[in-house]
Amino acid sequence: MASSDRPAKRSKMENGGGSSAAAPPGPPPSKPVHSAAKENPYLSHLPPEQRFTRGDAEGSERGAGPLANGRSGNPLDGFIPRQVVGSQVRSVMEGGINPFSITPTPFSKKYKDILNKRKELPVYAQMDEFYEKFQESQTMVMIGETGSGKTTQIPQFVAYSDLPQTRKVKGPDGVLAPRMIACTQPRRVAAMSVAKRVAEEMDVSLGKEVGYTIRFEDATDRRTTFLKYMTDGMLLREAMNDHNLERYSCIILDEAHERTLATDILMGLLKEITARRKDLKLIVMSATLDALKFQKYFNDAPLLRVPGRTFPVETFYTQEPEPDYLEAAIRTVLMIHQAEDPGDILVFLTGEEEIEDACRKIKAEADDLASKSPDLCGPLKVVPLYSSLPPAQQQRIFEPAPAALYEGGPPGRKVVISTNIAETSLTIDGIVYVVDPGFSKQKVYNPRIRVESLLVSPISKASAQQRAGRAGRTRPGKCFRLYTEKDFISELIEQTYPEILRSNLANTVLELKKLGVDNLVTFDYMDPPAPETIMRALELLNYLGAFDDEGNLTPLGEIMAEFPLDPQLSKMLIVSPEFRCSNEILTIAAMLSVPNVFLRPNFAKQQADAARAEFAHPDGDHLTLLNVYHAYKTNCPDPSTGSNWCWQNYLSHRSLIQADNVRSQLQRTMERFDLDLVSTDFSSKDYYTNIQRALTCGFFMQVAHKEGGSKGSYTTIKDNQIVSPHPSSCLSHSPEYLLYHEFVLTTRNYVRTITDVRLEWLVEYAPAYYNTMNMEGEIKRQIMALEQRKGKKDKKKKDTQG
């Protein structure tokens, strides 16, 4: 029965084409007579005037299929959107002309070399099955091991089916732009590096036909980009202004197993959008086997499984728990380098500081080994990988291992020291050994005390398996787990908890309201957050003035949602023109949105502290950051030549360039809403006071009050957490009240990035929050005393005027 079905299917595709079964379907050949142009039924996706082929000898040659010879016209002639088959696509891929370049150009030699590697990817072998499922259903779920090629290949497969560059739509501004394919990534690094790789694979320009969008960086061209890699948060922001995502023909949610906050919200949102827009396709891709949950959530969507390229991995555990996992990781790397066969090493650590420290130590030890025992081991190349690393340095992870020091000597080896970015988001060829200490940094939120922190926490079993799998990509590998087997079985949870269950949802709730979701409780979450967390978010947004008492978005809230910042920072920016300090607050907001600008290397801690003191402002760290930015702009008018000055002053040149970029983007948003960019006269006594007042308007809920008992001890208002100013703070005195940017949980409770504020400002700019009805103890007594003094002053003033 099945065999008799096949010819019928083929004859339907060939409808008068007359091509053999082996050839890809193409336009019907015309008779070799010089007749008028004929409409080509296979070009129905093009505008009417472009659907014709000539009826002469040239037309006959076109009809025989440009896919076969790539000589004339468009290689995609004969492709009907969402009705393509694998044989058509493979024919164009192996042809001579690039169908995706802005002007048809021949494929380069590099493209051909890369294509041969692409053919070895497991996902390439399943192209036919993919097209079948993709074209039959609106939503599909895809499970593919890391390294199967799904992130780079699936968006390209979709491009051949959707033909986005031929289906242009007019935007609200009248610009004609392609109907795009979006592929979301949870991490900035992955979005940038994958976009670069795919542009190379498609033989097109990065930023033109293929681009990426991450927070504060847009490498796309409105008129030509048809395939866009982006962070999930950026697609969420686009949906705020375009509720149906009309600019897209297909959306691919990649790394869905990571269950980031933005991915979870996007899944709920896209479930609603696909019900409204039947032409929008959705592909959900994951690296773990929790497929059933995704399928069930998306109304029993079809599933495509792609096997990974996996070789067996031998796993080793420690006999006893390691007291210091960082030292143990360094020791293990050096042991592998001396005792194991050639092959690169991947080490998982938790953050930038730890990674840079490990890089330095491993490099020093390895150089020492190479000079003392050149016959024992070859050179060692140590490469860091974390999200705030510049793109050029991130690409170093793909460089080959160093050559032997001398002919016939032991070969070199590459060590990549990474955060959990390398767990699933990126595949690095050549890795044979994995060192897994069993920890990662995770966001944890406690709604009772309103504290969100990044804590170093044990990973899940699923993460441990993903990490081990990294060693088996190119040949059989080894995974060294720096914890005991007993701990693996009994201490590690099965799956990491979704981020939505352990995050502050203030920003998310504001975004959902802007997205048109009125009922936050009945929104279709895959895993609903705790009601208490939503209540805390609503409370914060109500006090900030973003929501009214009925829970509706206010005009202020509408503007706040447009800034890609936390609500407190947005509020602070929006009110700053009232205090004539919007230029300065803009700078502070940008400096708070980038990694720490102060460097404090282990070998020069005293010099770094002395350099920081040069920028210090006695009233606190926010004003110190302002001083740093002003000094940078004064001394480094050209950012490309500022690295020397930054190094001499122990500042991160990379962070300052980023802050400059963030500042100009936030400035554009302010200008869009006609928010004035003004400054108080620098000679005025109110210059710094006005900045502190504007800070108070945004962060009045993040204030601590001085404890009477111990020196340097503070209590957070309302939540009554005992905290201390962070040792890195520049605040020169112990004010009665201090405002803090973040709460840090380390060996004790610290508040970081702090500034002196006054009680009268708190009461004046946040009267609803600092109402005596809501307060207790010493603070209540001080507010009442302040109100009494104010009342007497007002009465006296009235009497004088009377």
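1. Confidence. The average pLDDT of the chain is 86, and 90% of the residues score at least 70. Over residues 1–37 the pLDDT is below 50, although this stretch has 50 contacts in the model beyond near neighbours in sequence. Residues 52–72 also have a pLDDT below 50, with 46 contacts beyond near neighbours in sequence. Where pLDDT is low, the predicted coordinates should not be read in detail.

2. The hairpin. Strand 20, residues 439–446, pairs with strand 21, residues 451–458, in the antiparallel sense, and eight bridges link the two. Ser 440 has Ser 457 in strand 21 as its bridge partner. Four residues lie between the strands of this hairpin. Arg 450, in the turn, has a positive phi of about 55°.

3. The helix pair. Two packed helices are described by the angle between their axes and the distance between the axes. For helix 25 (residues 621–635) and helix 28 (residues 687–699), the angle is about 120° and the axes are 11 Å apart. Helix 25 is therefore oblique to helix 28. The crossing of these two helices is right-handed.

4. The helix contact. Which residues of helix 25 meet helix 28? They are His 622, Leu 623, Leu 626, Asn 627 and His 630. On the side of helix 28, the residues they meet are Tyr 687, Tyr 688, Ile 691, Gln 692 and Leu 695. By class, the contact of helix 25 with helix 28 contains six nonpolar and four polar residues, and no charged ones.

Note on methods:
Residues numbered from 1 in each chain as written. Predicted model: local features only at pLDDT ≥ 70, side-chain atom pairs only at ≥ 80, totals over all residues. Heavy atoms only, no water. Pairing = 2+ DSSP bridges. Axes fitted to C-alpha atoms, helices over the stretch in contact; angles between N-to-C directions. Parallel < 35°, antiparallel > 145°, perpendicular 65-115°, else oblique. Left-handed = near helix turned anticlockwise from the far one by under 90°. Contact = heavy atoms within 4.5 Å. Nonpolar A, V, L, I, M, F, W, Y, C, P; charged D, E, K, R; others polar. pLDDT = per-residue confidence, 0-100.
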